[in-house]
Amino acid sequence: MFRAKLPPWLVLLLPAFIIILAVVAIPLILSLYSSFTPYHLTRPDTLWKWTGSFNYIKAASDANFWKAFGRTVLLLTIALNTEMLLGLGLALMVSKVTRGQRALRTAMMFPMMFSPILVGFQFKFIFNDNVGLVNNALQSLGLTDVAIPWLVDGNLAMFAIIFAEVWTSTSVFAILILAGLFAIPQDPLEAAKVDGCTPWQSFRFVTLPFLMPFIYIAMAIRSLDVARAYDIVQVMTNGGPARRTELLWTLIGRTGYVDARMGYANAMGYIAILMSIGFTIYFFLKLQTARRELGMGEM
Amino acid sequence: MASATQHRIKKRALKTAHFLGLFLAMSLICIPGLWVVLNSFRPTIEIMAKPPVWMPQSLSLDHYRAMFGGAGEGGIPVMTYFRNSLIISITSTVIALLVGMAGGYAFARYSFKAKGMMFVALMASRAVPGVALSLPLFIIFGRTGIIDTHFGLILVYVAMNVPFTIWLIDGFFRQVPKELAEAAEIDGCTRWQAFWKVEFPVARSGIASAGIFAFLTSWNEYALASQLTRSTTSKTMPVGLLDFTSQFTLNWGGMCALAVLMIIPALLLTFVVQKHLIAGLTFGGVKG
């Protein structure tokens, strides 16, 4: 009787909503609440003490927090743009190959299968100043005598992290853009050629606009788990040396679990959550507009 | 004449540049992974050698023997981690696919109020960073006693995978013409039968690709697993990797061996359904 009254779409969506409510929504409400308390893991009674926006004010006036915030935004901007450009370049190069393209495509997907934590260890090993591949190669080629402290120097460590991040995720962009390149209708390209467009012009005004939805899909997919960089950073440098590679996520993890200051960590976590969600919504809206422009159906 | 020669030279230069660029890119993609595989077969002395040994002198299965033997290397129970990973990933993938199929079907076939909003809300729930979500989950799971159990982690992974599964499957159901299912219903099928006999077979490749993504996400996830698992009863392989580190040393060889063990299932699975994977991502996304 009860089920008959619910519309069928609600019945179908109900399991998804229940499970997300239980695992995501309710914990987020709890963490919102605890961000207004001085909750400390070892002192459970602190959960009932209301301190208002104290944690948020503390975060806002904490220089370490703002540095980590800025660094996270910087990392995402550099990494995503580099991945997009390299992915576009790689896709264009692979699409021009006539023989053995399948094998290339398969090899291209290799990094996608690596767990981010594994990527972290892999590059920690590769950039190791003593036994790492990079330093060994540089020294054997006679380019340098000293062991370059890749993961110890702040700027070099940031470079190593971005390198690892770009290594894992460029293939997502490359594969999606490649699929887009194959789906391009040939007529407009030929028309452009007949009209005397240079290769650059036909790329810029015909190919690229058509590829945009594919680039937005890749961005949307990536935006769903930008925080996977947490795994990589945690393993490679753990925010060190001396907080010089500290990201928002490593700062939250350390405050919550090592210092056990859950209330404060949750307050900072909320800022990270809002940033991620804003990012995702932005790319999904972009994707919808791009789709509509190409007449590929409504949401 | 001169311009023809010039043209030919230019073309050849372009071709060489293309080849070199591709070669460089592919080396950068493949070498880091292959280096890990190579090192899993080399003895620790050779890995640590200074000056470096470029041509492997002796390859052995020592790291694998130590890993599976469990006795050496501080007795890391790799097989238990492997089993935990397998149980958790497969169960959560199957459940996420069932829930995702129901949800994807609802989004593709029914129209209702605030559909777009609901969809974006669903996606936003997936965007919550694992480490931020792990704090409250850690508290709740600790209170309800499902911390460090398979059940707890399966629950979390289902919730993580459902939004993306719905997105992909929705795109595939949209490709199936509505008329097809309607025709089956006119011929006397119930809606349920029409779904399994007509729509499901057509959308199967999309469901397969959603399954791969769900599996890979659960198989590789670390941020949540590292906090919600405590002991060998539920630790997964990504968390197990940390067992090879101690405060000042790192057992590179042993770690590389475990890394290979982690990659193999993912590699096999991905290559088997490679074609579906690309189709699933693009069509699910573009046409959805």
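Student: In chain A, what share of the contacts with a separation of 6 or more comes from residues 24 or more positions apart?
Tutor: That share is 66%, with a contact meaning C-beta atoms, placed from the backbone, within 7 Å. This is a predicted model, where local features need pLDDT of at least 70, side-chain atom pairs need pLDDT 80 or more, and totals for chains, interfaces and linings use all residues. Residues are numbered from 1 along each chain as its sequence is written, while chains are lettered from A and ligands numbered from 1 in the order written.
Student: OK, how many helices and strands does chain A have?
Tutor: Chain A has 13 helices and zero strands, taken as DSSP runs (helices H or I, at least four residues; strands E, at least two).
Student: How many residues does the contact take from each of chains A and B?
Tutor: There are 71 residues from chain A and 71 residues from chain B.
Student: Which helix of chain A gives the largest share of its side?
Tutor: Helix 2 (residues 8–34) does, with 14 residues. By class, chain A's side has 54 nonpolar, 14 polar and three charged residues. Here Ala, Val, Leu, Ile, Met, Phe, Trp, Tyr, Cys and Pro are nonpolar, Asp, Glu, Lys and Arg charged, and the others, Gly among them, polar.
Student: Switching topic, what domains is chain B divided into?
Tutor: Domain 1 (2–67) and domain 2 (76–286), with bounds from an automatic or database domain assignment. Their centres, over C-alpha atoms, are 33 Å apart.
Student: And how many residues of each are in contact?
Tutor: Eleven residues of domain 1 of chain B touch nine of domain 2 of chain B.

Definitions and conventions
Two residues are in contact if their C-beta atoms, placed from the backbone, lie within 7 Å.
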